[in-house]
Amino acid sequence: MLRSRSDDEGAGDGQDLARAGPPDASAPVDPAGTSPAAQSADDGLPMPRRFWAIVAISFGTALVVVDGAIANVALPTISRELNVNAGAVTSVITIYQLVMVMGLLPFANLGDRIGLRKMYQLGQLLFCATSALCFFATSFPLLLLLRAGQALGAGMALSVAAALIREIYPSKSLGTGLGVNAVIVASSYAIAPTIGGFITEHLSWQMVFIVGAPLAIISLLLGGALPAVAPRTVRSDWLSSIWSAATVALVIGGIQIGTHGHAVAGTVLAIFGVVSGAFLYHREAGRTAPVVPVDLLANKALGFTALAGFIVFVASGALTVSLPFRLEQGMGYSPEEVGLLFAPFPLTMLFVAPAAGWLSDRIAPTKLGVVGMALAVAGLLSLAWMPDPASPLDIGWRLVLTALGYGLFVSPNSRLLIGAAPRERSAAAGGLLSTVRLLGQTMAAAIVGMMLTLGVGTGPVPMLFAAVLGVVAALCSLARFQSSRALGGERAAASLRA
């Protein structure tokens, strides 16, 4: 009986499947993106150009993350100086998130047609222009308009960032590249509130919205090193692009409206969004280069990978949103103490993410993901049942364990989604990855908001909820593995018959 190398070595995830031919919607994929044909056609950028391209993409990633997280600490000041109530001023955050996620899939599709580097740099130019105008924002409506412009620019860049990373690194090092990108994301999230607090305290609050512009300028100056991927000649589909953006707006907008005290209206909008998405999915099925990547989702391995990623982002978001409430309102820690107590989580991710990315180039992502989820679930259960009040040590080791688990999952799962997609659909896979992350985080905030309204958000319930989601994510990873092996066996049998 003939056995494949993945069976002999236990690599799993169908790592040999792409050798039999190009992937399609029903065929198995090579989750590592390491088929010989792909490797011969793509060895990444040569050095030292690769180094400068990594620096350029890193500054571009940092500006998106910093601009999304830096404004939180300035909201009370903006509320006071622009005479806006505390509830309305949060629109500065929500409009940024909403506009960005609305544009990710349409911009990824457009990036395929005009070129990935051009889309990336046009987004940065738009971001710089709107950031500069923020200095003159003296009214709340103008500030919201400029924040929407910043989000459009950031979304344009973010929609093709993962596809550019795939072109920068050799196929065998894609996991390492995504791990490095995860470090940039984690460190940017960590420093953004500190920078925002310093600027708000010592400078005008408008400067908070300008601080990302220098990062964009540096990335633009180094942008010549980015890979120049040839545009694809595919027909434009503006109807699907607008439809996709409107569907996302209905779902996310409905969720956010519901969490701000308008439960009925928010629920109706979200339901309309889900129904709209179902019709859009049906319309996109069978199209060449669809705006909504139904061709990728139809592949069982990629579909389960995207679903697992979404579930994990909901779970991690539930932790990060709910735990500060538990520590402050439930245990009596001050806001400053809560910030310090929560530090082990991002710091652990900072070190684990690149290591997990490096490991995913050598070990099957499913193995890393299942082990990671087992650790994360153990950490979440320990957080759910930690003593009340808990000491800093009690909190710290539990957060480290949970972050270790999430870190082992996220980078390999991202590598799988990006590396397994056909190369001509890299931008679509990257847009899908970013959309999954932002939708998961938004859903987590809404769910925790409902838990807080029901009076169970400051206890163990959010952690138990996140733990259950961790188990579901692990099952999705195992289902992906089984579907890849089954399809691999069918393809091998067909090859032998031929």
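These legends describe close-up views of a predicted model.

**View 1. The largest cavity and its lining.**
A search of the whole structure turns up three cavities of 30 Å³ or more. The largest cavity holds about 80 Å³ of space. Three helices each give at least two residues to its lining: helix 14 (300-330), helix 18 (392-420) and helix 19 (426-453). Thr305, Ala306, Gly309, Val312 and Phe313 are among the lining residues of the largest cavity. Also included are Phe409, Val410, Asn413, Ser414 and Leu417. Leu433 and Val436 belong to the lining as well. By class, this lining has eight nonpolar residues, four polar residues and no charged residues.

**View 2. The second largest pocket.**
This pocket has a volume of about 710 Å³. Its lining counts 24 residues, and the closest to the pocket centre are Gly277, Val292, Leu297, Thr435 and Leu439. Helix 11 (238-259), helix 12 (263-284), helix 14 and helix 19 each give two or more residues to the lining. Helix 12 supplies the largest share, six residues. What classes of residue make up the lining of the second largest pocket? It divides into 18 nonpolar, six polar and no charged residues.

**View 3. Aromatic pairs.**
The whole structure contains four aromatic pairs. One of them joins phenylalanine 135 and phenylalanine 136, with ring centres 5.5 Å apart. Their planes stand at 90 degrees, so the pair is edge-to-face; the cut-off for that class is over 60 degrees. Phenylalanine 135 counts as partly exposed because its relative accessibility is 43%, a value between the limits of 20% and 50%. Phenylalanine 136 has a relative accessible area of 55%, so this residue is exposed. Tryptophan 205 and phenylalanine 209 also form an edge-to-face pair. Here the distance is 6.1 Å centre to centre, with 85 degrees between the planes. Tryptophan 205 and phenylalanine 209 are both buried.

**View 4. An arginine over a tryptophan ring.**
The charged end of arginine 113 sits over the ring of tryptophan 238. The distance from that charged end to the ring centre is 5.8 Å.

How many disulfides does the structure hold? The count is zero. A disulfide is a covalent bond between the sulfur atoms of two cysteines. Cysteine 134 counts as buried because its relative accessibility is 0%. Cysteine 476 has a relative accessible area of 7%, so this residue is buried too. The cut-off for buried is under 20%.

Most residues other than glycine have a negative phi, and most peptide bonds are trans. Methionine 47 and proline 48 are joined by a cis peptide bond, with omega about 5 degrees. Where is proline 48 placed? Proline 48 is in the loop between helix 2 (36-41) and helix 3 (49-69). A cis bond also runs from aspartate 388 to proline 389, with omega near 0 degrees. Proline 389 is found in the loop between helix 17 (365-384) and helix 18.

**View 5. A positive phi at asparagine 83.**
Asparagine 83 is a residue other than glycine, yet its phi is positive, near 55 degrees. Asparagine 83 lies in the loop between helix 4 (75-81) and helix 5 (86-89). Is asparagine 83 buried or exposed? Its relative accessible area is 73%, so asparagine 83 is exposed.

Phenylalanine 279 lies in helix 12. At 55% relative accessibility, this phenylalanine counts as exposed, because the cut-off is over 50%. Phenylalanine 279 and tryptophan 243 are 36 residues apart in sequence. In space, their C-alpha atoms are 9.9 Å apart.

**View 6. Valine 371 and leucine 408.**
Valine 371 lies in helix 17. Its relative accessible area is 47%, so valine 371 is partly exposed. Valine 371 and leucine 408 are 37 residues apart in sequence. From C-alpha to C-alpha, they are 7.6 Å apart in space.

Conventions:
Residues are numbered from 1 along each chain as its sequence is written. This is a predicted model: local features need pLDDT of at least 70, side-chain atom pairs count only at pLDDT 80 or more; totals for chains, interfaces and linings use all residues. Side-chain values use heavy atoms; hydrogens and water are left out. On a 1 Å grid over the protein atoms alone, a cavity is a set of points where a 1.4 Å probe fits but cannot get out, and a pocket is an open set with protein on both sides within 12 Å along at least five of seven lines; lining residues have an atom within 4 Å of a point. Grid points are joined across faces, edges and corners, and a volume is the space filled by probe spheres set on the points. Helices (H or I, at least four residues) and strands (E, at least two) are DSSP runs, numbered from the N terminus. Ala, Val, Leu, Ile, Met, Phe, Trp, Tyr, Cys and Pro count as nonpolar, Asp, Glu, Lys and Arg as charged, and the others, Gly among them, as polar. Rings of Phe, Tyr and Trp (its six-membered ring) pair if their centres lie within 6.5 Å; planes under 30 degrees apart count as stacked, over 60 as edge-to-face and the rest as tilted. Buried means under 20% relative accessible area, exposed over 50%, partly exposed in between (1.4 Å probe, protein chains only). A charge sits over a ring if NZ of Lys or CZ of Arg is within 6 Å of the ring centre and within 35 degrees of the ring normal. A disulfide is a pair of cysteine sulfur atoms within 2.5 Å.
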